[in-house]
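Hi there,

I'm passing along the structure we talked about, followed by some notes on it. Have a look when you get a moment.

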Amino acid sequence: MAMNVVIAGAGDMGYHLAEQLSYENKNIILIDLDKDVLDNIGSRLDVMTVEGDSASIEILKKANIHNAELMLAVTTSEKTNICAAVLAKQLGAKKVIARVRNHDYLYPENKVYFENLGIDSIISPSMLCSKEISRLMKRSTFSDVIEFEGGKLSVVGITLEYDSPLVNKRLSDATTDPIFEDIRIIAIVRDHRTIIPRGDTYIRNNDHVFFISNNKSVDTVKNLVRHKEKEIHSVMLIGGDDLAYSTAKELENEYGVTLVHNEKERCKWLAERLDSTLVIHGDYKNINLLIEEGLETTDSFLALTSSSETNIITSLSAKNHGVYKTIAHVDTREYIHISHSIGVDSLINKKLVAANHVSRYLTKGKVEAVSGIHGVEAEFVQYLVTKNNRLTKKNLKALHFPNSAIVAGVIRGEDVYIPDGEFQLKLNDKAIVLALPEAKPVLEKLFN
């Protein structure tokens, strides 16, 4: 039986969720006011569409809300989302999640109000994105960091430069070094394509390579790729909307933050609400102004304005002026794939961050967690081995995993393993699998 999911709102976030879920054979019904948007999505994805206001009882009934195992209210209007989620629960949806903007709603002590209304979870893309930025800052060498089991295993992404000892080697030859016992290359992004590497895959200059390692070996990865790490103390941030505000708030206790924004009234608003951030009113497109405000001596530059193009171009300028770490927010999904090839350290998109967060609620099979990587089609799925079957009787090599998936790590009680082909799973193991979308149905069969 496929799971029934109703998504209210067919913007970027709704579209991305519908796309992720349609790979997984879920029955998806998408509600939106805009017929053209629905027609466009209907022609590209295998989803049913309902035109209308998702906060209307009649429209929710039309979308078979009483059969929905999950309802996601992710329109751009917070009030619509809360109202639609409350009604959906009353009308029989098993689990409802609403997207909100207001920071007050997200304080832990206010959670109970929403639970009383029947809303299972509220999420704010801006807040999730700020936390993601904060994590990228802590591991400044890497473009991406994903931690499992509180950091026992980490996945880190890094772009290889031509002088890395791995470049132009076949994977099977490059990994003969004993340090590869605790590290494994699990994915390569090259020309916007995600490759799950095999022994005969060649590693090339400018490949964006993802390693998995146990917590002792993260530093080994840095040595292996010859990256010089620098500690970050100061941050310059441009932009003034919700994302810029929540990021400054998230970072200001740990770093010296300077925020530059071009609207005077909003700068006053920000200055009143931020504790130690230095707020400057000025035109952030003017690179000379940024230099006067200390761009050349800052360690990190975050471009979080509402224009993707401005963010990319100012980040490249910051890089040219010697800034060590640059992160740009982009609104269009298409841009995410180009980050590693143009020279901005990390591009992120708050709607994708939020969609990846939500997709954790969704995968079947004994799934513990799901997380995505920016610009990579594959995502990590953490499965629990719940019964002794084929999985526990043969080694990994003999299980014939799909080519588009790889068992990246295994957590067994307190121990962590980075398995090779000879490794054999046991009951209650948590297997962390990196899978491209087409591998998901096969994996669900294997792990169910």
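The lining of the largest pocket draws at least two residues from each of α7 (171-174), β9 (183-190) and β20 (405-412); helices (H or I, at least four residues) and strands (E, at least two) are DSSP runs, numbered from the N terminus. This is a predicted model, where local features need pLDDT of at least 70, side-chain atom pairs count only at pLDDT 80 or more, and totals for chains, interfaces and linings use all residues. Residues are numbered from 1 along each chain as its sequence is written, and side-chain values use heavy atoms, leaving out hydrogens and water.

Back to that pocket: 26 residues line it, with R184, I406, P419, D420 and G421 nearest its centre. A pocket here is an open set of points on a 1 Å grid over the protein atoms alone, where a 1.4 Å probe fits, with protein on both sides within 12 Å along at least five of seven lines; lining residues have an atom within 4 Å of a point.

Then the helices: the axes (lines fitted to C-alpha atoms over the stretch in contact, angles from 0 to 180 degrees between N-to-C directions) of α6 (residues 125-138) and α15 (residues 350-358) come within 8 Å and cross at roughly 95°. That makes α6 roughly perpendicular (65 to 115 degrees) to α15. In contact (heavy atoms within 4.5 Å) are P125, S126, L128, C129 and E132 of α6 with K350, V353, A354 and H357 of α15.

On confidence, pLDDT (the predictor's confidence in each residue, from 0 to 100) averages 84 over the chain, and 88% of the residues score at least 70. Over residues 364-368 the pLDDT is below 50.

Best wishes

Note on methods:
Angles under 35 degrees count as roughly parallel, over 145 as roughly antiparallel, 65 to 115 as roughly perpendicular and the rest as oblique.
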